[in-house]
Amino acid sequence: MRKKPEIEIKETKLLSDNWYILNRVTFDYKKENGVSEIHKREVYDRGNGAGILLYNSTKKTVILTRQFRLPTFLNGNKDGMMIEVCAGLLDQDNPENAIIRETEEETGYRISKVQKIFETYMSPGAVTEILHLFIGEYDESMKVSEGGGLDAEQENIEVLELTFNEAYAMIESGEITDAKTIMLLQYAKIKGLI
C-alpha cells in the first residue's frame with residue numbers, strides 16, 4: 001500500500017457560486033519517489049448530506065421518493081425522474097437531526113429514532129460531499145403530513161410506499177439507479193431487516 005502523498009494547495013480559484021461552490025484547485029502532488037507534479041482539478045462543494053431508508057418490518061415495506069433530477073435528464077434519463085431514499089443536505093445541522101428533519105419534509109413521517117449505518121463519498125473525484133446514511137423504522141402512527149418537500153425548495157416529491165421485494169427488484173430492472181438507494185436496499189437485504 002502506498003504511503004500518504006504529500007499535498008500542498010497552491011491556489012483555489014472560485015469559478016462559480018450560483019447554486020453551490022465550484023472551485024479550480026491547483027496543488028502540488030509529491031510522489032513516493034520525491035518527484036512533484038502540479039495538478040489542477042475542479043471541485044464542487046455542495047455541503048454534506050444525509051439519506052435514510054425508512055422501513056416497516058411488520059408490513060415488509062419501505063418508503064422511497066420519486067422526483068425530477070436535471071443532471072440525470074441531461075445524461076440520458078429520458079424523463080429525468082429518479083426513485084431514491086429520502087435525503088438532503090445537512091444545512092449546518094448534525095447528520096441525525098438533518099435526516100429527521102428531511103424525513104418529515106419529504107415523506108411526511110415524523111420519526112425520532114434513526115441508526116447511522118456508514119458515511120460515504122459518492123463522487124470523490126469531483127465532489128467534496130460526505131453522505132451520512134441511516135436506517136429508521138416507520139409506522140402509520142408517525143404520518144403527520146403528505147410530505148413532498150418544501151415549496152420554497154421546489155422539490156415536487158412523490159412519496160412511494162413499496163414492498164421491500166418490489167423495491168429490491170427495481171435495482172435489477174433498472175428502475176432504481178441511485179447509488180445511495182441501492183446501497184441502503186442492499187444493506188437491508190444483507191442484514192435481513194425486512
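Tyr20, Arg46, Arg69, Pro71 and Glu84 lie nearest the centre of the largest pocket, whose lining counts 33 residues. This is a predicted model, so treat the briefing below as a guided look at that prediction.

**The largest pocket**
- Its volume comes to about 1,400 Å³.
- Sorted by class, the lining holds 15 nonpolar, 11 charged and 7 polar residues.
- Several strands each give the lining at least two residues: β4 (49-56), β5 (61-68), β6 (81-84) and β7 (86-89).
- Helices α1 (70-74), α2 (95-107) and α4 (179-191) also supply at least two residues each.

- Strands β2 (residues 21-30) and β3 (residues 36-45) run antiparallel to each other and pair over 10 bridges.

**Thr181 in helix α4**
- Thr181 belongs to helix α4, one of the elements that contribute to the lining of the largest pocket.
- Is Thr181 buried or exposed? Thr181 has a relative accessible area of 0%, and because buried means under 20%, this residue counts as buried.
- Leaving aside residues up to four places away in sequence, Thr181 touches Leu64, Ile83, Glu84, Val85 and Ile176.
- Among these contacts, Glu84 is also one of the residues nearest the centre of the largest pocket.

Notes. Residues numbered from 1 in each chain as written. Predicted model: local features only at pLDDT ≥ 70, side-chain atom pairs only at ≥ 80, totals over all residues. Heavy atoms only, no water. 1 Å grid on protein atoms, 1.4 Å probe; cavity = no way out; pocket = protein on both sides within 12 Å on 5 of 7 lines; lining within 4 Å. Points joined across faces, edges and corners; volume = space filled by probe spheres on them. Helix = DSSP H or I, 4+ residues; strand = E, 2+ residues; numbered from the N terminus. Nonpolar A, V, L, I, M, F, W, Y, C, P; charged D, E, K, R; others polar. Pairing = 2+ DSSP bridges. Buried < 20%, exposed > 50% of the residue type's maximum accessible area, 1.4 Å probe, protein only. Contact = heavy atoms within 4.5 Å.
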